[in-house]
Amino acid sequence: GDPLKVKVNKLTSIKTQLPYSYYSLPFCPPKKIVDSAENLGEVLRGDRIENSPYVFKMREPQMCSVLCRITLDAKAAKQFQEKIDDEYRVNMILDNLPLVVPIRRLDQGSPTVYQLGYHVGLKGQYTGSKEEKFFIHNHLAFTVKYHRDPQTDSARIVGFEVKPYSIKHEYEGKWSENTRLTTCDPHTKHTVVNSNTPQEVEANKEIIFTYDVEYQESDVKWASRWDAYLLMSDDQIHWFSIVNSLMIVLFLSGMVAMIMLRTLYRDISKYNELETQEEAQEETGWKLVHGDVFRPPSNSDLLCVYVGTGIQFLGMVLVTMIFAVFGFLSPSNRGGLMTAMLLLWVFMGIFAGYASSRLYKMFKGTEWKKISLKTACLFPGIVFAIFFVLNALIWGQKSSGAVPFGTMFALVVMWFGISVPLVFVGGYIGFKKPAIEDPVKTNKIPRQIPEQAWYMNPIFSILIGGILPFGAVFIELFFILTSIWLNQFYYIFGFLFLVFIILLITCAEITIVLCYFQLCSEDYLWWWRSYLTSGSSALYLFLYATFYFFTKLEITKLVSGMLYFGYMLIASYAFFVLTGTIGFYACFWFTRLIYSSVKID
């Protein structure tokens with residue numbers, strides 16, 4: 001008999017990707033609309049959680065409760081029709097569980113699939129007529145599943161399902177508070193079981209909203225009530241993708257090991273036995289460039305900034321993943337993932353400052369404040385600019401997905417109040433440390449780079465380098481994109497963590513292999529190239545996102561398309577910074593290793 005509070009969340013659509021608040025449509029409002037408190041992640045996702053007029057009492061079934069009766073004016077009818085046309089769904093929440101519509105598969109034996117939220121309505125034609133009509137789902141048959149505790153006889157809610165119907169309600173006489181409907185009457189046990197006489201959405205038509213609630217006892221324990229939502233379509237494809245990626249890793253590891261053993265061991269032992277000066281003139285490949293390999297690159301400041309940002313990103317992703325694997329960020333914690341990532345990004349600023357100023361000092365830089373400021377502002381600035389433009393677009397559509405001004409301000413305060421000072425602290429610590437010593441001396445005069453074969457052309461080798469890291473992650477990428485854009489839950493963080501580790505290894509190894517070939521052909525400009533080699537996988541990521549857009553999504557609106565590509569651009573940019581940094585550090589370690597093991601007079 002306890003009252004259960006049903007809350008309403010945003011209206012969502014896969015077709016437009018623009019969420020709207022529930023009461024932006026003229027549904028029955030409660031006496032006073034109260035907003036639930038939301039965390040940062042929920043606001044950024046466009047969740048708007050409000051109270052609703054539905055009144056449930058625990059384990060007391062209801063039949064044909066009338067919610068309210070509204071008469072549509074032309075504007076309201078048009079709003080409903082637009083939302084039905086764009087296939088919007090209504091999302092509700094009971095005891096933190098989202099509302100689902102169970103969809104039975106036609107073949108027997110296969111599990112029931114759950115669709116998040118019910119459609120506002122549907123389009124259709126009357127028999128024998130060509131005209132498209134819009135029908136609204138105005139009768140909701142809710143099912144609340146509960147798990148009873150045999151000792152205390154109290155119960156916990158473990159499921160919240162609905163079957164929506166469209167029905168043209170009828171009643172006799174004048175409408176008053178306690179009019180009995182003829183189409184749905186608990187006294188005569190007359191309930192709604194189908195949508196054979198649907199309710200049209202047109203101006204000046206009245207719509208009566210009704211609902212049933214039934215309670216079902218369930219064997220599902222409270223702790224595992226989310227399992228139905230997270231029904232994995234199939235685990236096999238994930239294992240397949242991981243085995244596939246491991247093959248790439250093994251192949252690359254083999255190559256790296258070969259290079260290390262064969263060339264280094266043979267070359268170094270031979271090189272150190274040379275006595276005569278004449279023989280020393282005939283050095284092979286990479287040893288010829290020992291005097292130039294550690295010459296600072298052009299635009300070394302920018303490289304420092306990007307490496308610092310990459311370290312910040314790597315830290316954020318790693319810690320987030322570890323939290324997620326241990327189950328702190330389950331889907332039941334709405335917006336938790338988003339909030340965690342933002343906070344971690346801000347606090348990882350200290351590592352960004354440290355990494356960029358260490359590298360900067362090695363390049364004989366002196367102005368650590370300048371480099372720290374650039375590190376603190378470049379990447380977040382670009383992302384914020386794109387985000388701001390996208391937000392303006394969403395705002396223009398009157399969608400609830402637009403981030404309110406207060407939240408925007410909070411983000412800016414987090415950036416300049418916490419992140420920037422931390423980058424400076426890191427920069428100061430990094431600059432105080434003694435500079436990293438080069439294993440070999442750098443010549444005064446740079447040597448000429450001989451003409452390179454076509455396959456050693458920088459652009460070609462950079463593009464080749466991005467294929468393998470992308471190949472290692474792209475199957476998992478499909479699931480991530482599906483969960484973001486097709487409104488499903490993503491929770492298989494264990495798999496994701498494995499794939500992420502594989503990505504790190506692949507990036508490092510492909511860069512080392514290509515860097516070695518490059519040095520062997522006496523091209524010593526490896527600093528930027530090592531960053532771009534693995535970073536180019538971001539280009540493939542963006543191309544894949546484009547392919548996904550045209551094959552899997554049904555987005556027709558221009559604004560929605562711009563949103564998709566805007567967010568994917570941000571994601572690709574972040575991926576570029578992350579993978580590039582891994583490649584750079586792998587190469588940095590590799591070159592120091594091989595040149596420090598060679599005795600050079």
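This is a predicted model: local features need pLDDT of at least 70, side-chain atom pairs count only at pLDDT 80 or more; totals for chains, interfaces and linings use all residues.
**Entry 1: charges over rings**

I started with lysines sitting on aromatic faces. Lys 83 lies over the face of Tyr 20, and I noted 4.1 Å to the ring centre. My next stop was Phe 431, where the charged end of Lys 361 sits over the ring, 5.2 Å from its centre.

**Entry 2: the chain as a whole**

Next I stepped back for an overview. I counted up the secondary structure and got 15 helices and 13 strands in the protein chain. The C-alpha trace spans about 115 × 60 × 50 Å along its principal axes. Of the 601 residues in the chain, 51% are buried. I also looked at how far apart in sequence the contacting residues are. Among contacts with a separation of 6 or more, 80% come from residues 24 or more positions apart.

**Entry 3: aromatic pairs**

How many aromatic pairs does a search of the whole structure find? I got 55. One of them is Phe 323 with Phe 328, an edge-to-face pair with 5.6 Å centre to centre and 85 degrees between the planes. Phe 323 has 36% relative accessibility, so I logged it as partly exposed. Phe 328 is at 52%, so that residue goes down as exposed.

Then I turned to Trp 415 and Phe 416. Why is this pair stacked? The ring centres are 4.5 Å apart and the planes are at 20 degrees, and planes under 30 degrees apart count as stacked. Trp 415 is buried, at 13% relative accessible area, whereas Phe 416 is partly exposed at 44%.

Tyr 306, Phe 313, Trp 345, Phe 379, Trp 528, Tyr 531, Tyr 573 and Phe 576 form one aromatic cluster.

**Entry 4: cysteines**

My search of the whole structure for disulfides turned up one. Which cysteines does the disulfide join? They are Cys 28 and Cys 68, with 2.0 Å from S to S. The torsion about their S-S bond is about -75 degrees, so I wrote down a left-handed disulfide. The bond links distant parts of the chain, with the two residues 40 apart. Cys 28 is in the loop between β1 (3-12) and α1 (40-45), while Cys 68 is in strand β3 (residues 62-71). Are Cys 28 and Cys 68 buried or exposed? Both are buried.

Cys 304 is in no disulfide, and the nearest cysteine sulfur, from Cys 587, is 16 Å away. With a relative accessible area of 0%, Cys 304 is buried. Cys 515 is another buried one, at 3% relative accessibility.

**Entry 5: backbone angles**

Most residues other than glycine have a negative phi, so exceptions are worth a line in the notebook. Cys 64 has a phi near 50 degrees. Cys 64 is placed in strand β3 and is buried, with a relative accessible area of 8%.

Asp 153 also has a positive phi, near 65 degrees. Where is Asp 153 placed? I found it in the loop between β11 (139-148) and β12 (155-165). At 42% relative accessibility, Asp 153 is partly exposed.

**Entry 6: a helix pair**

I then followed helix α11 (residues 458-485) to its contact with helix α13 (residues 527-535). Their axes are 6 Å apart, and the helices pack at an angle of about 40 degrees. Which residues make the contact? From α11 I listed Pro 458, Ser 461, Ile 462, Gly 465 and Gly 466, and from α13 Arg 529, Leu 532 and Thr 533.

**Entry 7: a buried aspartate**

Last, I looked up Asp 292, in the loop between α5 (285-288) and α6 (300-325). Asp 292 has 1% relative accessibility and so counts as buried. What does Asp 292 touch, leaving out residues up to four places away in sequence? My list reads Asn 443, Ile 445, Pro 446, Arg 447 and Tyr 524.

Terms used:
Residues are numbered from 1 along each chain as its sequence is written. Side-chain values use heavy atoms; hydrogens and water are left out. Rings of Phe, Tyr and Trp (its six-membered ring) pair if their centres lie within 6.5 Å; planes under 30 degrees apart count as stacked, over 60 as edge-to-face and the rest as tilted. Buried means under 20% relative accessible area, exposed over 50%, partly exposed in between (1.4 Å probe, protein chains only). A charge sits over a ring if NZ of Lys or CZ of Arg is within 6 Å of the ring centre and within 35 degrees of the ring normal. A disulfide is a pair of cysteine sulfur atoms within 2.5 Å. Helices (H or I, at least four residues) and strands (E, at least two) are DSSP runs, numbered from the N terminus. Axes are lines fitted to C-alpha atoms, for helices over the stretch in contact, and angles run from 0 to 180 degrees between N-to-C directions. Contact means heavy atoms within 4.5 Å.
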